[in-house]
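Hi everyone, thanks for coming.

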Amino acid sequence: MTQILIINGSPRLRGNSAYISKLLKQGFDEANFTSKILVLDKLSINPCKACDSCIRSGNLKCIQKDDMLPLYSDIQDSSCIIFVSPIYWFSVSAQTKLFMDRLYAFHTKEGFKLSEKIMAGVLVYGDEDVVQSGGINAVRSMQDTFSYCKARFKKIIFGTAMDPEDVKQNYQFIDRVGKFNEELIAEIKSSS
Ligand SMILES: Cc1cc2nc3c(=O)[nH]c(=O)nc-3n(C[C@H](O)[C@H](O)[C@H](O)COP(=O)(O)O)c2cc1C
């Protein structure tokens, strides 16, 4: 079964990332794919302690008994992971960064056990463009993360929306989200 994880890194329950996450899920539902939205702000995810016990144990487990623990198997079983994050202080939100740091637990004695996934990102910022907003830093960080994870397909889109649900009025951005959704569906179909 194809599992798609949509990781919403915004604390706003009716924010732009939430709206985009729901649009993506709707597209996947219509294509008969199983997808799940994770609202990181509702979860208790601690920062990585850099204790390296994940590497020593080699069983994809972290010693921290928080809400990240059950997510490791979901991440492992998924074929597509999409990060939807607001830009905070010229990078991804703290919630998104904590989640990304905890992917460190995929390091094992045999190497990094998170590869061949479809990995994608949607970045939302208040400023006019991707450079001025600092979105460019998050694009670079995600690109490097996806490459490090040896993703077999990577795609990142971005756009402007400041206040909750402003994105609904940014028709070009909504159009990009629709095309991005279609591209991901085509990619998932071609690989399943
Ligand atoms: C703490 C904080 C920091 C922010 N930093 C930036 C920034 O560096 N660049 C920017 O363009 N917008 C910044 N914004 C605006 C948000 O990116 C914008 O409101 C976005 O729509 C939030 O997405 P959301 O509705 O999904 O939460 C910031 C907002 C907050 C609350």
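Okay, start with α1 and α6: on the α1 side Ile 20, Leu 23, Leu 24, Gly 27 and Phe 28 meet Val 177, Asn 181 and Ile 185 of α6. Contact here means C-beta atoms, placed from the backbone, within 7 Å. Helices (H or I, at least four residues) and strands (E, at least two) are DSSP runs numbered from the N terminus. By class, that contact has 6 nonpolar, 2 polar and no charged residues. Nonpolar is Ala, Val, Leu, Ile, Met, Phe, Trp, Tyr, Cys and Pro; charged is Asp, Glu, Lys and Arg; the others, Gly among them, are polar.

Before I go on: this is a predicted model, where local features need pLDDT of at least 70, side-chain atom pairs count only at pLDDT 80 or more, and totals for chains, interfaces and linings use all residues. Residues are numbered from 1 along each chain as its sequence is written.

Now the ligand. How many residues surround the ligand? There are 19, and the closest are Gly 15, Ser 17, Pro 86, Asp 127 and Ser 133. A residue counts as near if its C-beta atom, placed from the backbone, lies within 6 Å. Two or more shell residues come from each of α1 (16-30), β3 (80-88) and β7 (118-125). β3 gives the most, with 3 residues. Sorted by class, the shell has 10 nonpolar, 7 polar and 2 charged residues.

Notes. Contact = placed C-beta atoms within 7 Å.
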